[in-house]
Amino acid sequence: MKIKEIIIFFELVFICFLGGCSGVTGLDEQLIVYGIGVDKIDDMYELTLQTLNTQNTSESDSKEEKKSVVDIHAKAKTLIDAASQIENQTGKKILYSHAIVLIIGEESAKNGISDIITFFSTNHKLRPTVEVLISDCFAKDIFSNEEIEKTVYSEDIFAVTTNVGKKNNDAIHSNIRYLLSDINNELKAAKVWYIEYDKGRVSCQRIALFKSDKLIDVLDEETSNGILLIYGEAKNLSDSAKLNDCTISYKVSQAKSNVNVEIKNNKPVFSLNLDLDLDLYGADNIDRSDEIKAMLENRLASLQANAINFCIKKYGCDIFNFHRYIMSSDFLKPI
């Protein structure tokens with residue numbers, strides 16, 4: 001009996017010396033980031049973070065109340081200094097693991113985004129799947145515009161970009177991981193969705209084109225549609241064309257694209273085959289379906305040709321990765 005009591009005694013003593021969880025930061029001590037905005041003005045970075053408002057104690061069941069957010073800004077010579085300023089202002093550590101979008105202002109992107117993408121790609125808490133977007137205004141104004149009292153939530157911005165295109169390496173969706181690879185690859189060119197902001201609303205129908213890490217142009221909607229067709233994932237793409245005096249509209253519900261290359265006279269010749277399902281509007285008064293089919297084929301071919309001419313012939317930007325088909329063909333194989 002004495003031995004049992006001695007064992008219990010030592011167990012109690014041992015428990016007293018056990019340490020609890022140390023160095024753990026509670027959620028109320030962190031800035032939970034949903035969206036990131038970066039602008040560079042006169043060699044100064046302005047970092048904007050859309051964060052969860054942990055001080056919201058409202059018992060309302062409304063959706064708007066439950067996802068209450070706060071926008072926090074800081075300016076500094078470097079992004080790490082701007083982030084440190086925000087942590088010093090709030091007394092909280094920045095938690096990037098919930099971030100879903102990184103928005104860069106158009107004027108800032110013209111001067112290069114390599115340093116911005118590199119900074120966030122090296123943060124181990126930031127997911128590499130965070131979507132990078134270019135805005136037609138200052139990135140800070142997307143999240144919080146002083147002229148209107150309406151918040152644009154990061155999740156809503158992300159939802160707009162996922163409405164078209166596909167999610168893989170060749171897609172328009174340019175997350176941090178793939179964008180960093182594109183801007184560091186001499187054979188490839190980066191492409192990013194372009195966000196247009198108007199009085200609290202955002203739209204995403206155009207593509208921002210990069211050469212190296214600098215924004216060189218923003219494609220119009222027709223050229224952007226041509227790019228989506230070449231990628232073969234142009235869901236929700238809508239367009240219209242003239243047939244005689246009638247305007248025929250169509251909406252693509254499903255698309256598949258197949259790219260082939262042949263070597264003719266020591267030159268690569270590409271062929272693009274497009275297979276799609278679409279809904280027609282305004283064709284009820286036209287009897288000849290062969291005329292409609294020919295018109296649509298010409299229209300779709302024109303959209304793709306214009307996209308190729310604009311990106312490759314005008315700017316020398318292979319956003320389609322056509323070089324990959326050439327490298328895998330017999331053209332570069334030793335004789």
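**Figure 1. The whole chain of the predicted model.** In this predicted model, the chain has 11 helices and 12 strands. It holds 335 residues, and buried residues make up 41% of them. Of the contacts in the chain with a separation of 6 or more, 64% are between residues 24 or more positions apart. The chain exposes about 19,000 Å², and 49% of that area is supplied by carbon and sulfur atoms.

**Figure 2. Lys 199 in the loop between β7 and β8.** Strand β7 covers residues 191-198 and strand β8 covers residues 201-211, with Lys 199 in the loop between them. Lys 199 is not a glycine, yet its phi is positive, at about 50°. Is Lys 199 buried or exposed? The relative accessible area of Lys 199 is 67%. Exposed means over 50%, so Lys 199 counts as exposed.

**Figure 3. Asn 265 in the loop between β11 and β12.** The loop that holds Asn 265 lies between β11, residues 246-264, and β12, residues 267-281. What is the phi of Asn 265? The value is near 55°, which is positive in a residue other than glycine. The relative accessibility of Asn 265 is 73%, and because the cut-off for exposed is over 50%, this residue is exposed.

How values were computed: Residues numbered from 1 in each chain as written. Predicted model: local features only at pLDDT ≥ 70, side-chain atom pairs only at ≥ 80, totals over all residues. Heavy atoms only, no water. Helix = DSSP H or I, 4+ residues; strand = E, 2+ residues; numbered from the N terminus. Buried < 20%, exposed > 50% of the residue type's maximum accessible area, 1.4 Å probe, protein only. Contact = heavy atoms within 4.5 Å. Areas by Shrake-Rupley, 256 points an atom, 1.4 Å probe, with all protein chains shown as cover.
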